[in-house]
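User: I should like to learn how to read the features of a protein model, one at a time. Please give the general idea in each case and then turn to the structure itself.

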Amino acid sequence: MNYDIIIIGAGPGGIFSAYELSCLRPDLKIAVFEAGHALEKRRCPIDGDKIKSCIGCKSCSIMSGFGGAGAFSDGKYNITNDFGGTLYEYIGKKRALDLMKYVDEINMRFGGEGTKLYSTAGTGFKTECIRNDLHLLDASVRHLGTDINYVVLGNIYDYLKDKVEFFFDTPVRSVTADGDGDSYTVNCDSGSYTCEKCIISVGRSGSKWMEKVCRDLGISTKSNRVDIGVRVELPAVVFAHITDELYESKIVYRTETYGDKVRTFCMNPKGAVVNENTNGIITVNGHSYEDPAKQTENTNFALLVAKHFSEPFKDSNGYGESIARLSNMLGGGVIVQRFGDLIRGQRSTPGRIEESFVTPTLAATPGDLSLVLPKRILDGIIEMIYALDKVAPGTANDDTLLYGVEVKFYNMEVEVNENLESSYKGLYIIGDGSGITHSLSHASASGVHVARNIAN
Ligand SMILES: Cc1cc2nc3c(=O)[nH]c(=O)nc-3n(C[C@H](O)[C@H](O)[C@H](O)COP(=O)(O)OP(=O)(O)OC[C@H]3O[C@@H](n4cnc5c(N)ncnc54)[C@H](O)[C@@H]3O)c2cc1C
């Protein structure tokens with residue numbers, strides 16, 4: 001064997017499994033293979049000046065490299081079973097929460113101390129929401145911020161680099177099981193490496209690759225959902241009474257027209273809207289900094305509608321991709337529209353955006369989102385904006401900006417047991433790549449869980 005354990009992917013799932021294994025079993029020989037760059041080499045070329053939009057780098061620095069998709073994220077660690085994944089269905093609610101708290105402790109030890117932990121518990125806002133038919137989900141939220149998140153990752157890497165062998169810019173092409181899972185061979189362009197146990201943690205960017213591995217090895221998967229919507233940007237004061245107390249609030253609303261659930265997602269007080277590149281398709285996301293000097297005057301958050309498909313259609317991600325492609329076709333990337341323009345059935349033009357009282361933080365193409373989003377989804381988003389206006393007056397102002405499209409792709413859910421081990425003994429599938437988690441805290445917790453099982 002070249003290694004006792006090979007971890008594929010250096011996102012939060014891979015990093016936390018490497019960390020926990022190196023603590024519990026320093027005798028084991030561990031390697032991490034990562035398709036993207038080392039942390040200090042990760043740089044998105046979009047500077048808003050010379051390069052305004054995605055140029056399709058071979059390895060996207062936003063999604064790949066040490067730190068995974070989370071490296072330049074807002075670093076919001078939601079400690080909850082209410083959203084962010086269904087890890088608790090495999091390992092139980094208490095254990096899942098305990099692991100998320102443990103991850104938080106590690107983050108604090110590696111540079112996150114002093115950052116704020118927000119909580120929805122006992123807030124008056126919950127009551128105000130329910131009075132307006134809005135439902136606030138329970139969570140504690142550690143906000144590291146993009147800047148501190150980066151510092152924490154750098155410190156964890158410094159701790160790990162002498163204990164674990166890292167291979168950066170090394171995408172794994174395939175994994176083969178030798179015997180019935182006695183060992184595994186990990187095949188890269190530079191060669192093949194054997195190991196006794198293999199942890200796959202390839203996140204969303206590795207979703208297509210993960211599907212192929214499951215197909216090749218005959219591991220069962222089931223189709224999942226896709227969330228489609230827009231990113232809303234408005235003056236920070238509109239949501240200040242909520243974000244000052246809670247930072248991130250996950251609010252769910254059931255539409256009167258269709259009974260669909262619309263939810264807020266990834267709230268970034270005084271943050272910035274950014275592009276996201278998933279398999280060459282440009283969608284929108286957001287983040288914010290802990291450092292007041294880097295903050296903006298706007299708050300942004302996503303409004304998403306979940307679409308689940310039943311027979312005969314299985315390709316929920318393909319559906320989301322097609323809608324995102326449509327916005328890319330019309331706008332050359334992300335489209336931005338004033339809420340007032342959308343309601344009046346007119347496209348936003350550069351002139352109308354210029355005159356707006358809200359200055360966009362992302363250079364997107366002014367356009368018409370009603371030409372992109374299916375009516376049912378758009379109607380739900382409009383209803384939700386009016387519902388939110390009751391608890392945060394100003395949300396439905398004409399100048400509120402809507403960026404589209406925001407899509408949350410979910411990986412196919414891979415069949416694993418309570419140890420997150422596949423039908424092959426010693427082959428573990430964790431993090432967002434497993435379809436079980438979709439957040440920093442859940443993905444990290446899944447890494448610790450698997451490491452502890454292996455160590456035992
Ligand atoms: C802009 C942005 C902001 C976000 N903000 C938040 C937030 O504030 N809070 C939150 O909870 N979540 C947030 N998320 C989601 C969060 O980042 C993910 O849920 C989390 O990173 C998942 O961790 P993971 O380890 O499962 O996968 P990832 O972080 O996606 O890491 C997987 C790694 O595997 C590598 N890989 C893929 N295929 C291969 C291969 N074949 N060989 C080798 N390596 C491979 C990839 O390069 C990647 O580095 C955000 C995501 C984005 C994109």
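User: Is C266 buried or exposed?

Analyst: The model is a predicted one. Burial is judged by counting neighbours: a residue is buried if 20 or more other C-beta atoms lie within 10 Å of its own. C266 has 23 other C-beta atoms within 10 Å, so C266 is buried. This residue belongs to strand β14 (residues 261–268).

User: What is the phi of C266, and how should I read the value?

Analyst: Most residues other than glycine have a negative phi. C266 is not a glycine, yet its phi is positive, at about 50 degrees.

User: Which place does L420 have in the fold, and what is its phi?

Analyst: L420 sits in the loop between β21 (413–414) and β22 (427–429). Although not a glycine, L420 has a positive phi of about 60 degrees. L420 has 27 C-beta neighbours inside 10 Å and therefore counts as buried.

User: Where is there a cis peptide bond?

Analyst: Most peptide bonds are trans. Here a cis bond joins G404 and V405, with omega at about 0 degrees. V405 is part of strand β20 (residues 401–409).

User: How should I read the overall fold, and how many helices and strands does the protein have?

Analyst: One begins with the inventory of elements and then turns to overall dimensions. The protein has 12 helices and 22 strands. Its radius of gyration is 22 Å, close to the 23 Å that the globule rule gives for 456 residues, so the protein is as compact as a globular protein of that length. Along the principal axes, the C-alpha atoms fill a box of roughly 65 × 45 × 45 Å. Buried residues make up 52% of the 456 residues. Among contacts with a separation of 6 or more, 76% are between residues 24 or more positions apart.

User: Which residues of the largest nonpolar core touch the most other members?

Analyst: In soluble globular proteins, nonpolar side chains tend to be buried together. The largest nonpolar core in this model has 131 residues, and those touching the most other members are I5, I6, V186, C198, I381 and Y403. Helix α11 (residues 375–391) gives this core its largest share, eight residues. As for Y403, its contacts beyond four places in sequence are V230, R231, E233, V273, V284, V334, V336, L362 and A364.

User: What should α11 span, and which of its residues are buried?

Analyst: The 17 residues of α11 should span 24 Å, and the end C-alpha atoms are 25 Å apart, which agrees. The buried residues of α11 are I377, L378, G380, I381, I382, M384, I385, A387 and L388. Their cover includes β12 (226–235), β13 (251–254), β14, β17 (298–307) and α9 (339–343).

User: Where is L369, and which residues does L369 touch?

Analyst: L369 lies in the loop between β19 (365–366) and α11. With 25 C-beta neighbours inside 10 Å, L369 counts as buried. Not counting residues up to four places away in sequence, L369 touches V230, I335, Q337, L342, L378, L402 and G404. L369 and G331 are 38 residues apart along the chain, and their C-alpha atoms are separated by 10.0 Å.

User: What separates the C-alpha atoms of T278 and N298?

Analyst: T278 and N298 are 20 residues apart along the chain, and 25 Å separates their C-alpha atoms. T278 lies in strand β15 (residues 272–278) and is buried, with 22 other C-beta atoms within 10 Å. Leaving aside neighbours within four places in sequence, T278 is in contact with R204, T283 and F409.

User: How many residues of α1 are buried, and what covers them?

Analyst: Of the 13 residues in α1, 10 are buried, which leaves the helix mostly covered. The cover includes β1 (3–8), β2 (30–33), α3 (93–112), α5 (145–160), β10 (191–200) and α12. From its first C-alpha to its last, α1 reaches 18 Å, close to the 18 Å expected at 1.5 Å a residue.

Conventions
Residues numbered from 1 in each chain as written. Predicted model: local features only at pLDDT ≥ 70, side-chain atom pairs only at ≥ 80, totals over all residues. Helix = DSSP H or I, 4+ residues; strand = E, 2+ residues; numbered from the N terminus. Rg over C-alpha atoms; globule rule 2.2 N^0.38 Å. Buried ≥ 20, exposed ≤ 12 C-beta atoms within 10 Å, placed from the backbone. Contact = placed C-beta atoms within 7 Å. Core = buried A, V, L, I, M, F, W, Y, C linked by C-beta atoms within 7 Å. Expected span 1.5 Å × (residues − 1).
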